[in-house]
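Please look through the sequence and the structure below before reading on.

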Amino acid sequence: MGLGAIIVVVFCIALIILGIFIFIRIVARALKGKSSCGDCQNCRMANCPSRKEENSKNE
Amino acid sequence: MGSNIALIGNPNCGKTTLFNALTGSNQYVGNWAGVTVEKKTGRTIKGNFNITDLPGIYSLSPYSLEERITRDFVINENPDAIINIIDGTNIERNLYLTVQLIELGKPMVLVVNMMDDVEAKGWSIDCDYLSKLLGMPIVPISARKSENIDEVLKQVEYVIEHRIIPPEITYDLKTQNALNEIYSVIVKNICDAGKIPYNFYAAKLLEGDMESVKTLKLDNVQLGAVEKIVRGYEKSSECHDREAMLADARYKFIEEVVRKTVVKNESEEALTISDKIDAIVTNRFLAIPVFLLIMFLMFSFTFGPVGKFLSDIIEILVNDVIASFISGILEKANAPQWTYRLLLDGVVSGVGGILTFLPQIAILFFCLSILEDSGYMARAAFITDRFLRRLGLSGKSFIPMIMGFGCTTPAVMATRTQENINERRMTIMLVPFMSCGAKLTIYALFAGAFFKGNKGLVIFSMYILGFLVAIAVGLLLKKTVFKGNMALFVMELPPYRMPMPRSVLKNTWDKCKGFLVKAGTVIFSMSIVIWLLQNFSPSLHMVNDSSQSIFGVIGTTIAPIFAPLGFGTWQASVSLLSGLVAKEAVVSSLGVLYGAGGDSLSAVISSVFTPLSAYSYMVFCLLYVPCVSAFVTIRREMGSFKWALASAAMQIGVAYVVSLFIYQAGSLIERMF
Amino acid sequence: MGELTLNDIKTGSSAVVTKIGSLGPLKRRLIDMGITPGVRIFVKKVAPLGDPIEIRLRGYELSIRRTEAKNIFVKKDNE
């Protein structure tokens, strides 16, 4: 395997890990009842974790 | 920490528009009462203020959730000042809240919005005199055009610095006497309660709002004394009704103020532009055809040549430019075969396949924004109320249902404007049947593959079917679960307004951004996970034949359940499962599983489905449970896990039965001819 | 009963409110919206299906149902 191929393989594995990580995060948040619709700009949901992050940025 | 300011006003008078102008934030605005259902705080661009945008209320004696949020905020959070925004074209009713806010004894600035509309009507408001009469600074603005916005903050700063509190209002003699007498009874308790002045509590006691005076902890002797005063007060009028009498006193005061400061030049029955539009839009005979026409135009615009053209451009970009770029790199690097499958069949087909729907989603939300901004939504509620009442709903359920065409999550939240709990629960259960924007991707794929000539019509039929199923289920629920309830339907019909291009574009862009974020996170991770599940066997070995994979095994197990519906392949079954995370994932899963995107996916689909089974699959996707985030929202808004589960179970059942019926009836007809 | 209610007022004519009937919390809502004794209400339009109705008072438009209109007692507007 050449250097290029190794880089590609490493990149792909990193992508897989990232994908799994995001997936687990989404599922975990959903199970905690904290799933957000990704539409924070328009959302007024009370106690939405994403919104809290956004609000704390404002402060 | 700066000063805390509460932004309060009637529903639909431009609070959120002002909030956005002051803070540079981009909150969602629409032209119907109750857009804002939760408070939101933001910092002003200029000056050192935290402004809290509160839901609109008509009065400080609240019934519905959003009205309580506002009242509790003012009483518990003790803001440094109140900005009361009123609609200049509807000044009398708007000042009713102002009068009650004055009782709270906070520094106040009155902002008279819609001054451009006031001028257009040929009215004039003498703001200087109004300011003298009410004892607070008045700032005339036009929030839509961002006129005079800086002046608002200047005045706020001024009233806080000099603690300018508007003087108590003097009502008619009878009312004033009753208030004074009540005051003498409760004076001791007020000193303990602090913050809020006596006028507020005395007025609340006089009108019989016991919830607001709980903090006073009055004893029975005091309550008895108050009751006696109230009875005497009621006797002094012929209508013997404390609530009506106090409201009347307040309105009398307002009428006097308005008479002195506002010049209206038209006779009350003169036709306004809104009246002229309404002559057609809410006409007895034309209203329903016009409504259907608007819906049809919206959908044909979305699925028409414009959307198709833009989709094609994105598809070319994804397939020809990005995909060939990646495969070029892989070839050069001499990378192993599985990386091709991961990057091209997994990520590019999954994420890229979804991106081709961006134009349609954008156009749909663009149309919905225009409808919301124009004021048509309230008319639609007016037109459909009688009909929806037969289903145990009300016209107010209609707005969430239309919003459901966009996204179920905010639509479920919009049900908060409904005061009746049964009505609200029922609306929440039916909203998911309104086909959301994400499901569009599924229809577009299948209708494009099988019903080329009638694509628009087939997709439109999905929306109609969803509506019909909602009606049927609504009737059923009314007969069984939600028996007999009388809700109220008092709703303001706002004047039509020209949608603000800025607000419409902003709103559309926000939705697109949400869609892109979702494609980058949820859909991306789903594509990877699906790819893994499809390429590894249960014993975690890489397999070449994906029917041996984890997904293949799961899919093969559950596929027989769907065989009677016409789509018993394992790929179709597991795609439904991934649709639980996000509806777009159904399409991206099929893309990953068949290793194809765009036109090539259409080709694969048309070889494994028949037109009938494709239609059946679309119907199932339309009706079965909404995505996780919608489910979580439903759970929260219902306030119970049981209700959310029940509604999910109901939806799956309905989806199965309807799809089964369509497929079996369809095959029967096919066999007959 | 025999008393005149807002429900009896023809489209295109107006009446003056005398009393609000007992409607529980709804009564308070109607009052807050400005339907108080003495106010003049113009019945503007009936929805395509016969209910609700659109009324005009205090310079703005409001939609209420017939059941609610039945609880708003009025007298003929002598203008």
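## Domains of chain B

In this predicted model, the C-alpha centres of domain 2 and domain 3 of chain B lie 55 Å apart. These belong to a division of chain B into domain 1, covering 3–161, domain 2, covering 175–238, and domain 3, which is made of 291–482 + 491–672.

## The open sheet of chain B

In chain B, 6 strands form an open sheet in the order S2-S3-S1-S4-S5-S7, and the pairing within this sheet is mixed. Strand S2 (40–43) and strand S7 (138–140) of chain B stand at the edges with a single partner strand each, so one side of each has no neighbour in the sheet. From one strand to the next, the twist averages 25°.

Within the sheet, strand S1 (residues 3–9) of chain B pairs with strand S4 (residues 81–87) of chain B in the parallel sense, over 5 bridges. Along this pairing, Ile5(B) has Ala81(B) of S4(B) as its bridge partner, while the partner of Ile8(B) in S4(B) is Asn84(B). S4(B) also pairs with S5(B), again in the parallel sense and over 6 bridges, and here the bridge partner of Asn84(B) in S5(B) is Leu110(B).

How many residues of S4(B) are buried? The count is 7 of the 7 residues, so S4(B) is largely enclosed by the rest of the structure. Both of its faces are covered, with Ala81(B), Ile83(B), Ile85(B) and Asp87(B) buried on one side, and Ile82(B), Asn84(B) and Ile86(B) buried on the other.

Helix H3 (residues 91–102) of chain B lies across S1, S4 and strand S5 (108–113) of chain B, and runs at about 165° to S4(B). Helix H6 (residues 149–161) of chain B packs on the sheet as well, where it touches S1, strand S3 (49–53), S4, S5 and S7 of chain B, and the direction of H6 makes about 160° with that of S5(B).

## Val262 of chain B

Val262(B) lies in strand S8 (residues 262–263) of chain B. With 18 other C-beta atoms within 10 Å, Val262(B) is partly exposed. Leaving aside residues up to four places away in sequence, Val262(B) touches Ile91(B), Trp123(B) and Ile125(B). By contrast, the C-alpha atoms of Val262(B) and Val226(B), which are 36 residues apart along the chain, are separated by 37 Å.

## A pair of helices in chain B

Two packed helices are described by the angle between their axes together with the distance between the axes. For helix H20 (residues 437–450) of chain B and helix H25 (residues 584–593) of chain B, the angle is about 40° and the axes are 6 Å apart. H20(B) and H25(B) are therefore oblique to each other.

The contact is made on the side of H20(B) by Ala438(B), Thr441(B), Ile442(B) and Leu445(B), and on the side of H25(B) by Glu584(B), Val586(B) and Val587(B). By class, the residues of this contact between H20(B) and H25(B) divide into 5 nonpolar, 1 polar and 1 charged.

## Chains A and C

Chain A has 2 helices and 0 strands, and buried residues make up 25% of its 59 residues. Chain C has 2 helices and 5 strands, which follow the pattern β-α-β-β-β-α-β when read along the sequence.

Of the 79 residues in chain C, buried residues make up 51%. Among the contacts in chain C between residues at least 6 apart in sequence, 56% join residues that are at least 24 apart.

## Where chain B meets chain C

The contact between these chains takes 32 residues from chain B and 33 residues from chain C. On the side of chain B that touches chain C, at least two residues each are supplied by H3, helix H10 (242–261), helix H12 (287–303), helix H16 (376–390) and strand S9 (491–492) of chain B. This side of chain B has 17 nonpolar, 4 polar and 11 charged residues.

Definitions and conventions: Residues numbered from 1 in each chain as written. Chains lettered and ligands numbered in written order. Predicted model: local features only at pLDDT ≥ 70, side-chain atom pairs only at ≥ 80, totals over all residues. Axes fitted to C-alpha atoms, helices over the stretch in contact; angles between N-to-C directions. Helix = DSSP H or I, 4+ residues; strand = E, 2+ residues; numbered from the N terminus. Parallel < 35°, antiparallel > 145°, perpendicular 65-115°, else oblique. Contact = placed C-beta atoms within 7 Å. Nonpolar A, V, L, I, M, F, W, Y, C, P; charged D, E, K, R; others polar. Pairing = 2+ DSSP bridges. Domains from an automatic or database assignment. Buried ≥ 20, exposed ≤ 12 C-beta atoms within 10 Å, placed from the backbone.
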